[in-house]
Amino acid sequence: MRTVKKLTIAAAVCVLVLGLAGCGIKSDKKSAVPAADTTTTATGGTPAGVTLTGPVTDHGTTTASGTEIELEAYDDYFESTFIKVQPNTKYTMKLHNVGRHFHTFTATNLGVDIDLPAGAHKDVTITTPATGFAEFKCKPHAGLGMRGAFVIS
């Protein structure tokens, strides 16, 4: 009887350990940068000179062409995370929440704060800064790395 209990407990521990190990595996093409109490710079494809406040889940960099930019909000990252743009240029942002959760598209220094319920499509006009970069984030999920930036190129 004791042997059966020990085997049952050992099997349960193995299942638990394997299950927890599987929780860390993602099929996403890039992983989250570790959270920090202060400013964190994403690694990998982060454009030079861009430092965002908090963790960043990096899902690539694109370059805007034309005057429209498409941005998808997933659970819990933006794709693309970094968008190279022209200085002092007006763009129409085509926002789409493809996730299951409520998100926001918030770019405080651009004066933008848009609610994006699950499945929502919204357009907003932004004007990029003259130099540097402009951070954007999802207010409820920024702590999980849901942030990015417009980068002047």
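**The ring cluster and its hairpin**

Author: F78, F105, F136 and F150 are linked into a cluster by ring pairs. Rings of Phe, Tyr and Trp (its six-membered ring) pair if their centres lie within 6.5 Å; planes under 30 degrees apart count as stacked, over 60 as edge-to-face and the rest as tilted. This is a predicted model, where local features need pLDDT of at least 70 and side-chain atom pairs count only at pLDDT 80 or more, while totals for chains, interfaces and linings use all residues. Residues are numbered from 1 along each chain as its sequence is written, and side-chain values use heavy atoms, with hydrogens and water left out.

Now the pairs. A search of the whole structure turns up six aromatic pairs. One of them joins F105 and F136. This pair is tilted, with 5.4 Å from centre to centre and 40 degrees between the planes. It links distant parts of the chain: F105 sits in strand β6, F136 in strand β9 (residues 133-137), and they are 31 residues apart. Helices (H or I, at least four residues) and strands (E, at least two) are DSSP runs, numbered from the N terminus.

Buried means under 20% relative accessible area, exposed over 50%, partly exposed in between (1.4 Å probe, protein chains only).

F105 also pairs with F150. Here the rings are edge-to-face: 6.3 Å centre to centre, 75 degrees between the planes. Again, distant parts of the chain are linked, with F105 in β6 and F150 in strand β10 (residues 147-152), 45 residues apart. F105 and F150 are both buried.

Strand β6 (residues 103-107) pairs with β7 in the antiparallel sense, over five bridges. Two strands pair if DSSP finds at least two bridges between them. T106 stands opposite D113 in β7. Together, β6 and β7 form a hairpin with four residues between them. In the turn, G111 has a positive phi of about 70 degrees.

Last comes the partner strand. In a regular strand the side chains alternate between the two faces of the sheet.
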